[in-house]
Amino acid sequence: MRLFLIILIAVGLTLVFDARHFSKNYFSDSDKNKVINVIKSVGFVLALLGAVFVCTVFRIF
């Protein structure tokens with residue numbers, strides 16, 4: 001369970017920091033700004049949820 005949550009946090013952080021790279025490869029120029037914001041938002045939510053679950057389930061804080 002802990003490993004899954006750590007992987008979830010890592011995927012979320014990767015989405016936040018590499019959003020521009022992912023959008024460059026898969027989307028056209030007109031959609032890039034909207035897609036970058038969506039990818040960063042999804043990555044932030046995944047990382048936040050993973051961190052909250054790690055802290056609450058394993059009682060770190």
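View 1. At 41% relative accessibility, Val52 counts as partly exposed, a class that lies between buried (under 20% relative accessible area) and exposed (over 50%), as found with a 1.4 Å probe and protein chains only. The model shown here is predicted, and local features need pLDDT of at least 70, side-chain atom pairs count only at pLDDT 80 or more, while totals for chains, interfaces and linings use all residues. Residues are numbered from 1 along each chain as its sequence is written, and side-chain values use heavy atoms, with hydrogens and water left out. Val52 is found in helix 3, where helices are DSSP runs of H or I with at least four residues, strands are runs of E with at least two, and both are numbered from the N terminus. Between Val52 and Arg20, which are 32 residues apart in sequence, the C-alpha to C-alpha distance in space is 26 Å.

**View 2. Helix 3 from end to end.** Helix 3 covers residues 32-57, and its 26 residues should span 38 Å at 1.5 Å a residue, where the expected span is 1.5 Å times one less than the number of residues. The end C-alpha atoms of helix 3 are 37 Å apart, which agrees with that expectation. Which residues of helix 3 are buried? They are Val35, Ile36, Ile39, Gly43, Ala47, Gly50 and Val54, and these buried residues pack against helix 1 (2-17) and helix 2 (19-26). An α-helix has 3.6 residues a turn, so residues three or four places apart point the same way.

**View 3. The largest nonpolar core.** A nonpolar core is a set of buried Ala, Val, Leu, Ile, Met, Phe, Trp, Tyr and Cys residues joined through side-chain atoms within 4.5 Å, and the largest one here consists of five residues, namely Leu15, Ala19, Val35, Ile36 and Ile39. Helix 3 gives the most to this core, with three residues. When neighbours within four places in sequence are left aside, Ile39 is in contact with Leu15, Ala19 and Phe22, contact being defined as heavy atoms within 4.5 Å. In soluble globular proteins, nonpolar side chains tend to be buried together.

View 4. Ala19 has its place in helix 2 and is buried, with a relative accessible area of 0%. Not counting residues up to four places away in sequence, Ala19 touches Ile36, Ile39 and Lys40, while its C-alpha atom is 8.1 Å from that of Asn37, a residue 18 places away in sequence. Ser23 is also found in helix 2, and Ser23 is likewise buried, with a relative accessible area of 0%. Leaving aside its neighbours within four places in sequence, Ser23 is in contact with Lys32, Val35 and Ile36.

**View 5. The salt bridge between Asp29 and Lys32.** The structure holds one salt bridge, a term that stands for a side-chain nitrogen of Lys or Arg within 4 Å of a carboxyl oxygen of Asp or Glu. The pair is formed by Asp29 and Lys32, whose closest N and O atoms are 3.1 Å apart. Side chains of opposite charge can pair when their charged atoms come close.

**View 6. Arg59, in the segment after helix 3.** Arg59 is found in the segment after helix 3, and the phi of Arg59 is positive, near 50°. With a relative accessible area of 72%, Arg59 is exposed. The C-alpha atoms of Arg59 and Lys40 are separated by 28 Å, the two residues being 19 residues apart along the chain.
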